[in-house]
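User: I am new to this structure. Please walk me through how to read it.

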Amino acid sequence: MSIKIYPLQFEPILKDRIWGGEKLKTVLNKPITSNITGESWELSTVEGDVSVVANGELKGKSLTELINESPNEILGTKVYERFGNQFPLLFKYLDAREDLSIQVHPNDKLAKERHNSFGKTEMWYVMQADQDARIIVGFKEDSSKEEYLENLNNKTLVSILDDVKAKAGDVFFLETGTVHAIGAGLVVAEIQQTSDITYRLYDFDRVDAQGNKRELHVDLALDAINYNKVDTYKKYEKEVNQSNVVVDCPYFTTNFTPLDGKIDANKNGETFTVYMCIEGSFEIRYGNVTYQYKKGDTVLIPADIRSYVLEGSASILEVFIS
């Protein structure tokens, strides 16, 4: 093996958005420099936005470089067999000072045909929620293309969409085709397939600093939308020092781990593991070295790291591919 592996952190890729704010700094301590920062991409191989290592001997190397040099060791044997040299997931934190646009993501088949991309199945973990914050997830009742278009044209689309109050700790799982929008007043950890394909349906007639409305993708979205009512809310256990399954889908598995003390982790080399620290702080001990993490940190454990210790007092999302 050509590189020495260890738990890897990456420089956040910060994105200004029309709906962004300052909570990525005030809540998650990200080094933002504007008052409209909407996203911190924590782990990405999206073209033009490839994550770069921030710690240790490999500092300055890109995630793509590491995978190309040592795919099995970084990704895992099973992940490499399935995805080749592609890192199949994208990890973000989002701050919605205003409502995001109402949007939808295409499935794998449509995304491949139209954009040579993965589809975008995703999940949200709500880290912080202002009072009365809410999200839009799917239709209130089974709908149709005709009803959807009528309401879209009449600017009454929100009236037929499901509007759900959200609080810290809530998890929503959005399969492709689910019409959705993160509402104002939420900080969210997002785990998704590696894809930046979004069809924007309605943007509340907002304009940017130059007075321009953002592009809509009404025609592209028509065949991508699931017009049926969907159940997106995920209930999960919170047993301390255990990996409690939150989402288990073909694209990723996410566990919620309330850490209070110590956990000995043992892996089989088939998949990488990613930890997102959503509350508190913890450390990872590996190879006689201790690595420290706090709320808002994201760490990639390469697949070839088989045994290590987590210790601290924290709430952690653990993500891997089954």
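Analyst: Start with a definition. Helices (H or I, at least four residues) and strands (E, at least two) are DSSP runs, numbered from the N terminus. In this structure, N241 lies in the loop between α7 and β14 (244–248). This is a predicted model: local features need pLDDT of at least 70, side-chain atom pairs count only at pLDDT 80 or more, and totals for chains, interfaces and linings use all residues. Residues are numbered from 1 along each chain as its sequence is written, and side-chain values use heavy atoms, with hydrogens and water left out.

User: How many helices and strands does the protein chain have?

Analyst: The protein chain has seven helices and 19 strands.

User: What does the radius of gyration say about the protein chain?

Analyst: The radius is taken over C-alpha atoms, and the globule rule is 2.2 Å times the number of residues to the power 0.38. For 322 residues, a compact globule would come near 20 Å; the protein chain has 20 Å, so the two agree. The C-alpha trace spans about 65 × 40 × 40 Å along its principal axes.

User: How do I read burial, and what percentage of the residues count as buried?

Analyst: Buried means under 20% relative accessible area, exposed over 50%, and partly exposed in between (1.4 Å probe, protein chains only). Of the 322 residues of the protein chain, 55% count as buried.

User: Which residues touch the most other members in the largest nonpolar core?

Analyst: In soluble globular proteins, nonpolar side chains tend to be buried together. A nonpolar core is a set of buried Ala, Val, Leu, Ile, Met, Phe, Trp, Tyr and Cys residues joined through side-chain atoms within 4.5 Å. The largest one here has 61 residues, and F87, Y125, Y275, F282 and L300 touch the most other members. Strand β16 (residues 273–286) gives this core its largest share, seven residues. Apart from it lies another core of 21 residues, including I136, Y148, L161 and I225.

User: What does L300 touch?

Analyst: Contact means heavy atoms within 4.5 Å. Leaving out residues up to four places away in sequence, L300 touches several residues, among them Y6, F10, F87 and F272.

User: Which backbone angle stands out at N241?

Analyst: Phi of N241 is near 60°, a positive value in a residue other than glycine. N241 has a relative accessible area of 24%, so it is partly exposed. F204 also has a positive phi, about 60°, and is not a glycine. F204 sits in the loop between β13 (199–202) and α7 (218–222). At 28% relative accessibility, F204 counts as partly exposed.
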